[in-house]
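Please read it beside the sequence and the model.

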Amino acid sequence: MASLFDRLNHELEALGKRAQSALDEGKSQIELMRVRRARDHAALELGLMFHRQERGKEIDAARMDVLLWKLDDLAAELESVERDVNTAGGATAGADSGTGAEPAEPPPAEPVTTAAAATEAVAPE
């Protein structure tokens with residue numbers, strides 16, 4: 001009877017470790033999404049400032065510098081968080097169903113450079 005309880009206790013401990021590992025990985029994924037969202041927001045704001053500048057409108061050069069520094073910081077933070085997620089994902093991949101980690105980001109789409117090319121991409125003749 002003691003052997004049964006020891007085995008049950010061992011299984012419960014293993015289950016607890018797997019649950020904690022999944023929780024930690026979930027927290028890392030949320031942090032990854034947070035950093036990406038902050039990076040995307042800063043890049044969008046910088047792009048809008050660049051657009052205004054190209055259209056001859058006045059922009060705040062100090063704000064543009066702040067955004068450039070912020071993007072640099074976020075890129076470094078993103079690299080660190082991705083490394084942590086990939087490290088944690090590799091450690092838990094063997095314990096899970098063996099699916100492994102998904103790619104960090106999808107590959108970039110090919111840009112369409114002209115309106116004619118955009119029309120061809122939508123409705124080929």
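This is a predicted model: local features need pLDDT of at least 70, side-chain atom pairs count only at pLDDT 80 or more; totals for chains, interfaces and linings use all residues.

1. I begin with S80, which lies in helix α2, spanning residues 61–93; helices here are DSSP runs of H or I with at least four residues, strands are runs of E with at least two, and both are numbered from the N terminus. At a relative accessibility of 30%, S80 counts as partly exposed, where buried means under 20% relative accessible area, exposed means over 50%, and partly exposed lies in between, with a 1.4 Å probe and protein chains only as cover.

2. Residues are numbered from 1 along each chain as its sequence is written, and side-chain values use heavy atoms, with hydrogens and water left out.

3. Six salt bridges are counted, each being a side-chain nitrogen of Lys or Arg within 4 Å of a carboxyl oxygen of Asp or Glu. In one of them the side chains of E82 and R36 meet, with an N to O distance of 3.3 Å. This pair links distant parts of the chain, since E82 belongs to helix α2 and R36 to helix α1, 46 residues apart. Both partners are classed as buried, E82 with a relative accessible area of 17% and R36 with 18%.

4. Within helix α2, R83 and E79 form a salt bridge at 3.6 Å, N to O; because they stand four residues apart in that helix, they are separated by about one helical turn. R83 is partly exposed, at a relative accessible area of 47%.

5. A further salt bridge joins R39 to D40, whose closest N and O atoms are 3.3 Å apart, and D40 is partly exposed at 44%.

6. Finally, M1, L4, F5, L8, L12 and L15 form a nonpolar surface patch with about 680 Å² of accessible area together. Patches take residues with over 30% relative accessible area and no salt bridge, joining like charges within 9 Å and nonpolar side chains (Val, Leu, Ile, Met, Phe, Trp, Tyr) within 5 Å; areas come from the Shrake-Rupley method with a 1.4 Å probe, and for residues only the protein chains shown count as cover. M1 itself sits in the segment before α1 (2–54) and is exposed, at 72% relative accessible area.
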